[in-house]
Amino acid sequence: MSRVDYLSQYRERTPRSIELYQRSANVMPGGISHRYRHIAPHPFFMKAGSGSRIWDVDGNEYIDLWMGHFALILGHKPAVFKDAFEEIAQAGVHWGLPHEYQIQFGELLQEIVPCAEKLIFGVSGTEATMYAVRLARAFTRKSTVLKVAGGWHGGNSELVWAVNSPFDKPESAGLTPGIDAYTKIIRYNDPESTLRTIHSAKHDLACVIIEPVLGGGGFIPADPSYLELLREETRKLGALLIFDEVITGCRLSLGGAQEAYGIKPDLATMGKVLGGGANLGVIAGRGDVLALCDPTLKREKGSGVVVGGGTFSCSPMSMILGYRTVQYLKTHSGDVYSTIDRRGQRLREGTIAALKRHGIPAGAFGLGSLCGLYLPRNAAVAVRNPEEMEKLADVARVEQEFKIRMINHGVFTAHGGGAVSTAHSEEDIERIIAAVEAVAIEMAT
Ligand code: PMP
């Protein structure tokens, strides 16, 4: 046991958060509205954010790597929103009728996202992946969906399966009975076992849905050859390939992972970065697939696809904030991506080196601006997927002890790292690495 009692330290730093947490527990189950926002023994409660920094209700300042679920690529309260709220106040937050902002934003996405012949706006990533799978099933007239063990596509009942270990136990009660009969699991970056599963499902295969960088697994990137294999096999079998780019969209590059990897999926789901912090889900892809949900085409009932979009889809607020964000990224893409990727790389290397200097074996995942940490139980080993991670690394230590110790040193991480934004300066990255060093010293003693 380390000499620094990090939990007591955390409690001492956050008395007002403890009070709010107790109050919140009377309102929401477990005091929280999103399970990943819970931190044991209690989450800290936020007061404000600006640039790369956030402040909690006890006045503690943190360098933020969580960045609003990795959405805030321009940092908190970016300058590009300076007069946006004035424009929204003039327009109105929500209309529920078509308008030019949505066309303008859609045209921009068509221009930059390689697969986006057509697209639909919704309000969340969960909704986007649910509809993408429905479209794939309707288009192929097949039922089986393959997803990766450890892949998180939101909470929808089709896909909330095999997200956390043990991967063969239901993730939740209350799901459609027999979900595992039609949602089958493949092992990330493992071509042999994946090919076997694809071939055993080939007569009924509607789609493979996959994150090009596995968010829940701590940002494990797919091997390019693995994605190429999925592209080739789905094409051969007439099944669709769906890239879930809710995290990677407009982050790995302006056109997302599909541009960075040079592999075009049939459909892509996006959200997070594209919304600039407002609620957004996007389903983009082949025109012939998306035509299935064209409500102006006359069809027999039940042969078209219902895509709701949602009461709040295309709100002027989300379209204005999303458009401003993506337009900024486009105009500054030469500088933005090289800068955040370089800082991401420095963060990965600096984090591993700081831990290793104090005898703690460590590895880092990630690509570009995404950084995740893993702590192998023995010597440093390569980890390709969540199953290997579970076997070889101490996941809980990263998500609990390392996280709280980093909070005590003024850095808020996710998966031991997080998402670098344009607001993170070189000095911020060096300060984070210095905090890792301090935490490594505590953990080693
Ligand atoms: N897909 C991926 C890859 C995600 O990371 C998430 C959110 N973490 C979702 C889907 C769900 O998106 P939302 O939280 O907007 O519903």
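Modeller: Two strands count as paired if DSSP finds at least two bridges between them; strands (E, at least two residues) and helices (H or I, at least four) are DSSP runs, numbered from the N terminus. This is a predicted model, in which local features need pLDDT of at least 70, side-chain atom pairs count only at pLDDT 80 or more, and totals for chains, interfaces and linings use all residues. Residues are numbered from 1 along each chain as its sequence is written, and side-chain values use heavy atoms, with hydrogens and water left out.

Biologist: How many bridges join strand S2 to strand S3, and do the two run parallel or antiparallel?

Modeller: S2 (residues 53–56) and S3 (residues 61–64) run antiparallel and are joined by three bridges. Arg53 has Ile63 in S3 as its bridge partner.

Biologist: In what order do the strands of that open sheet stand, and which are the edge strands?

Modeller: The order is S1-S2-S3-S15, four strands with mixed pairing. S1 (46–50) and S15 (411–412) are the edge strands, each pairing on one side only. Helix H16 (residues 426–444) packs on this sheet and touches S2, S3 and S15. Contact here means heavy atoms within 4.5 Å. The direction of H16 makes about 110 degrees with that of S3; axes are lines fitted to C-alpha atoms, for helices over the stretch in contact, and angles run from 0 to 180 degrees between N-to-C directions.

Biologist: Why is strand S7 largely enclosed by the rest of the structure?

Modeller: Buried means under 20% relative accessible area (1.4 Å probe, protein chains only). In S7 (residues 205–210), six of the six residues are buried, so the strand is largely enclosed. S7 runs parallel to S5 (residues 144–148), with four bridges between them, and Thr144 stands opposite Leu205. Four bridges also join S7 to S10 (residues 240–244), again parallel; there Ile210 has Phe243 as its bridge partner.

Biologist: Which residues surround the ligand?

Modeller: Among them are Ser124, Thr126, His153, Glu211 and Lys272, a residue being near if one of its heavy atoms lies within 4 Å.

Biologist: Which residue has a polar side-chain atom 2.6 Å from a nitrogen atom of the ligand?

Modeller: A polar contact is a pair of N or O atoms within 3.5 Å. The side chain of Asp244 supplies the atom at 2.6 Å from a ligand nitrogen. A polar backbone atom of Gly125 lies 2.9 Å from a ligand oxygen, and one of Trp152 lies 3.4 Å from a ligand nitrogen. Taken alone, the ligand exposes 390 Å², of which the protein buries 84%; the areas come from the Shrake-Rupley method with a 1.4 Å probe.

Notes
Buried < 20%, exposed > 50% of the residue type's maximum accessible area, 1.4 Å probe, protein only. Polar contact = N/O pair within 3.5 Å; in protein donor to acceptor, adjacent residues only side chain to side chain.
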